[in-house]
Amino acid sequence: MIEIDLDKSELRALNAKLHSLDGKTGEKSFKVVNPNGKHNIAVGVDGELDITIEGHAGHYVGGMNKHANITVTGNSGAGLAENIMSGVVRVKGNASQYTGATGRGGLVVVEGDAAARCGISMKGVDIVVGGNVGHMCAFLGQSGNVVVCGDAGDALGDSIFELNLFVQGNVKSLGTDCEEKEMDAEKLAILTQLLDQAKIKADPKKFKVYGPGRNLYNFKVDNAVL
Amino acid sequence: MSEPTDKAQLGEYEEHPELQESATWSRQTIKEIQRAATEGIYSIRGGGAKRKVPHFDDLLFLGSSMSRYPLEGYRETCDTDVKLGTRFAKKPLHLDIPITIAGMSFGALSAQAKDALGQAAAAMNTTTTTGDGGMTQEERASSKTLVLQMLPSRYGMNPDDLRAADAIEVVCGQGAKPGGGGMLLGQKISDRVAQMRTLPKGIDQRSACRHPDWTGPDDLEIKIAEIREITDWEKPIYVKVGATRTKYDVQLAVKAGADVIVVDGMQGGTAATQDVFMEHVGLPTLPAVRIAVEALQEMGMHRKVQLIVSGGIRNGADVAKCMALGADAVSIGMAALYALGCNSPKYDAEYRKMGSAAGYYDAYHVGQCPAGITTQDPELAKRFDAKLGGRRVENLLKTMILEAQTLARACGKSHLHNLEPEDLVALTMEAAAMAKVPLAGTDWYPGKGSF
């Protein structure tokens, strides 16, 4: 375990160090102390590393992650694990808005609450939130799954494409072209597996699932051509 | 509503010189009203604004006679190189010419057309740019220096491509549709395009109009820092804006940490958007250049943060005029497409079958481009010869440079960057006011002095 103190070490040096490792050989485990809300910690990591950030992290922590297992013990700022490709990014506290934005793979876990636009424009990532999510969760999302163990705010799943939104609590309102779907065996299996992977305790049978109405997929324009 | 110029599209509305046509209710206007009444939806097309706006044609160079000393046309040095990204990037770009190829997506264009643009740019040691579909292997392979766009949709975005790019352009707006996202209709969403964009095949895709993970310039500053961290501070980072509130957009882009700012005027092209958007939103390129340069000068950042101007750049005169107004480089999109063979008379019969004609074709969104350029149909794309297309764009770039050098030498300048506003006059009051250069024959422009 290598400890890096962000009070003493430059962020740029930390990220450059992490970029130089693939996790297969050499150093593998890192503990980052005194993050003090700094932005862009452990972004662009491309290796099987275990990184624990002790405290609160700012915007984009774990951004574009590949393969690494990153944990923030406190809260995180906006754009947690944005465009994540693979690996796991976990926040033990709460996360600000745009959690997992545009993520293409991997798993993002927020043990507390996630703010607005959680999973915005997501493209394949799985997101599990232990608490509540704010408004416009998964706005314009294209692919992947979101699990919300608490409540969802306004306009859940606005303008989504092919993704599943599992919510245990109340949904304040559904967004445009989002509707409740039948929780079939396939969806239940996805949910059960995600809760298990995220190590979040909840009863999958208590969830409802929402998905695309598919009414916005094509313009009503058979003759919009000049 | 377009100007009544595209007569080939007027169909049954014939020319009648003996009758008086209404200026308000022109045939074009009536045709559009009747189209709207039939279809019940706005018209979507490609290209850019068709309306006439003050443009670089309204400016002239003064050249030299006695008071200025010209350089010999073909012999004396007139350099054309430009460095982009000198502010923060560890690896700034050093291009031989100040004309770059603008972002056009794989999806909007065939892979072959993207390949041709890459070849031309590589041959001239300039850049080509990805688009809203992400980076294709073909264009990375054919482009010596490739700019990766980071757009609101983030289709195909991934850290490997960020690291493989030579520069990164954060697109906040586009001249053809500032405030609007992209559009790619179902006909062009092939298996490969759908896969690159993580979308179901055949849907009508609207890309987002604003970025998903930042709001406003304070966040953009952090976002740019994130991209720099991911790429270890190597790559120049551009911010592209559509010309609208240009002074503030440019100054905020500087504040957010841009190395290079791209300002795209309203004549800039697009693969598809609403006609009403192209014709009624944005600033023409001409005033945008001057506003952007003054915004940089006000911050003491002119030439430190480089300015690339695009939107209706057609020839070497446009290039030289942009540079004289203070741009560091220009970017071409539509001109490159026409050089590739778009709108060639060779395909007139096929354009006519689609209700258009050579010289008028702008239905890029339909994906049936007979020249094989704005299509994803493999049969049509096969018609396009990437090697020949690349050569043609290379020739256009060479010609534009020779023309720009000709004008610069006539003004006594040994580098295109030495051109200055004092080398220009305007032919119209509007152009004089917008470019802030004197109306020809006077020492005055509107807004200067007491008028």
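In chain A, 54% of the 226 residues are buried. Buried means that 20 or more other C-beta atoms lie within 10 Å of the residue's own; exposed means 12 or fewer, partly exposed is in between, and the C-beta atoms are placed from the backbone. Keep in mind that this is a predicted model: local features need pLDDT of at least 70, side-chain atom pairs count only at pLDDT 80 or more, and totals for chains, interfaces and linings use all residues. On naming, residues are numbered from 1 along each chain as its sequence is written, while chains are lettered from A and ligands numbered from 1 in the order in which they are written.

Staying with chain A. There are two helices and 11 strands. Those are DSSP runs, numbered from the N terminus: H or I of at least four residues for helices, E of at least two for strands. The order along the chain A sequence is β-α-β-β-β-β-β-β-β-β-β-α-β. Along the principal axes, the C-alpha atoms of chain A fill a box of roughly 60 × 50 × 30 Å. Now contacts, meaning C-beta atoms, placed from the backbone, within 7 Å. Of the chain A contacts between residues at least 6 apart in sequence, 26% join residues at least 24 apart.

Next, chain B. It has 15 helices and 16 strands. Of its 451 residues, 56% count as buried. Its radius of gyration is 22 Å, which agrees with the value near 22 Å for a compact globule with 451 residues. The C-alpha trace of chain B spans about 65 × 60 × 45 Å along its principal axes. For contacts in chain B with a separation of 6 or more, 67% come from residues 24 or more positions apart.

How many residues of chain B touch chain A? 29 residues of chain B are in contact with 41 residues of chain A. On the chain B side, β1 (44-47) and α6 (216-230) each supply at least two residues. The largest share, five residues, comes from α6(B). By class, that side of chain B has 15 nonpolar, six polar and eight charged residues. Nonpolar covers Ala, Val, Leu, Ile, Met, Phe, Trp, Tyr, Cys and Pro; charged covers Asp, Glu, Lys and Arg; the others, Gly among them, are polar.

Last topic, helix packing in chain B. Take α10 (residues 316-324) and α14 (residues 386-410): their axes come within 7 Å and cross at roughly 55 degrees. Axes are lines fitted to C-alpha atoms, for helices over the stretch in contact, and angles run from 0 to 180 degrees between N-to-C directions. The contact includes B:G316 and B:V319 of α10(B), and B:M400 and B:L407 of α14(B). Its residues are nine nonpolar, two polar and one charged.

A second pair is α7 (residues 246-255) and α9 (residues 285-298) of chain B, packed at about 45 degrees with axes 8 Å apart. Here B:T246, B:K247, B:V250 and B:Q251 of α7(B) meet B:A288, B:I291, B:A292, B:A295 and B:L296 of α9(B). That contact divides into six nonpolar, two polar and one charged.

Note on methods: The radius of gyration is taken over C-alpha atoms; the globule rule is 2.2 Å times the number of residues to the power 0.38. Two residues are in contact if their C-beta atoms, placed from the backbone, lie within 7 Å.
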